[in-house]
Structure formats: structure tokens, C-alpha cells
Amino acid sequence: MTRLRADEAAHLPITTDREVEERVALLLRNAIRRQWWTLYLDDDDVQLPLLMPMAGYPERPDLPSGEGGTAAQLIADRLSGIMRQVGAAKVVFVWERPGGPETTPYDREWARALAEACRTEGVVVRARLILHDGGVRWFAPDDYA
């Protein structure tokens, strides 16, 4: 992988799944701790200058959020607001967690719940990836159905 300057990334669309995976690998490399990241894309699939980590998210997506919904619903609601503020059309989720590339029941539970909550909130999810000890892997809907 070649290095990508920020000024280049600001004009270079990420149009294929492979390009999404490569961009995430360039930015994040491999897992260090349990957290997730969000990248935001505009209408033309250009990455916006916002890469947001979220550490300390709840163990389970169905836990009550304290605001009348589940953790997954609260996150989808917050993402919807962030996307409006920054002018994003799509979001890319990256689950960072130590371990191998195989999905876990925990990964699949979060992916299912967040997919549903995002659909309800109107949040368009461009891609889901897992950042593991050895790098990045695609996390397709078939992986968590």
C-alpha cells in the first residue's frame, strides 16, 4: 500500500469495496484495543476529514441507553446527527478488537443491531469492517445474518 496524503484523500472517491478496505488499512493498520471507528463519505464517496473513534461502548447493543432506547438505537441516533452536521451521506464502521479475523458472536450481535437501528434512523452504511491483530477484513451482511 502506498501512502496517501490528506489533500489527495480529500478529492479521491472511494468507489469500490476494495478501495474502502484499502483506505481503512492505510489509516488504522491493526487492532490495539476494543473500540470502533467511523469514517464519513459525501455524496460522491469522498472521505470527509473526520475519523472518529469510540472506545468504551457497551458490551451489548440491546442494553438500555438511559434515553428510552437501546445502546444501538442511541448510537444510530447520534450518528444521524453527526452526519447532518458534517454533510455526510454515508458512514463506514470499523470494529477494532484484538484477535483474529474470524467474526465472533459478539461482532455479529452488534452488526445486526446497529444495521437495524441505522435503517430506522435513515443512516446509510457504506461498509462494515473488522480491524483485527493482522489487519482489516470486510464484514459483509452475510457474515452477521
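This is a predicted model: local features need pLDDT of at least 70, side-chain atom pairs count only at pLDDT 80 or more; totals for chains, interfaces and linings use all residues.
I began with the strand order. The sheet is open and has 5 strands, arranged β2-β1-β3-β4-β5 with mixed pairing. At the edges I found β2 (47-55) and β5 (135-138), each of which pairs on one side only.

**Entry: β3 and β4**

Next I asked myself how many bridges join strand β3 to strand β4. There are 6, and the two strands, residues 90-96 and residues 125-132, run parallel. A reminder to myself: strands of a sheet pair through backbone hydrogen bonds, parallel or antiparallel.

Then I turned to what packs here. Helix α4 (residues 105-121) lies on the sheet and touches β1 (35-41), β3 and β4. The direction of α4 makes about 165° with that of β3.

**Entry: Ala76**

I moved on to a single residue. Ala76 sits in helix α3, which spans residues 71-86. Is Ala76 buried or exposed? Its relative accessibility is 0%, so I count Ala76 as buried, the cut-off being under 20%.

Which residues does Ala76 touch, leaving out those up to four places away in sequence? My list reads Leu114, Ala117, Cys118, Glu121 and Val123.

I also checked a distance to Phe93, which is 17 residues from Ala76 along the chain. The C-alpha atoms of Ala76 and Phe93 are separated by 11 Å.

Conventions:
Residues are numbered from 1 along each chain as its sequence is written. Side-chain values use heavy atoms; hydrogens and water are left out. Helices (H or I, at least four residues) and strands (E, at least two) are DSSP runs, numbered from the N terminus. Buried means under 20% relative accessible area, exposed over 50%, partly exposed in between (1.4 Å probe, protein chains only). Contact means heavy atoms within 4.5 Å. Two strands pair if DSSP finds at least two bridges between them. Axes are lines fitted to C-alpha atoms, for helices over the stretch in contact, and angles run from 0 to 180 degrees between N-to-C directions.
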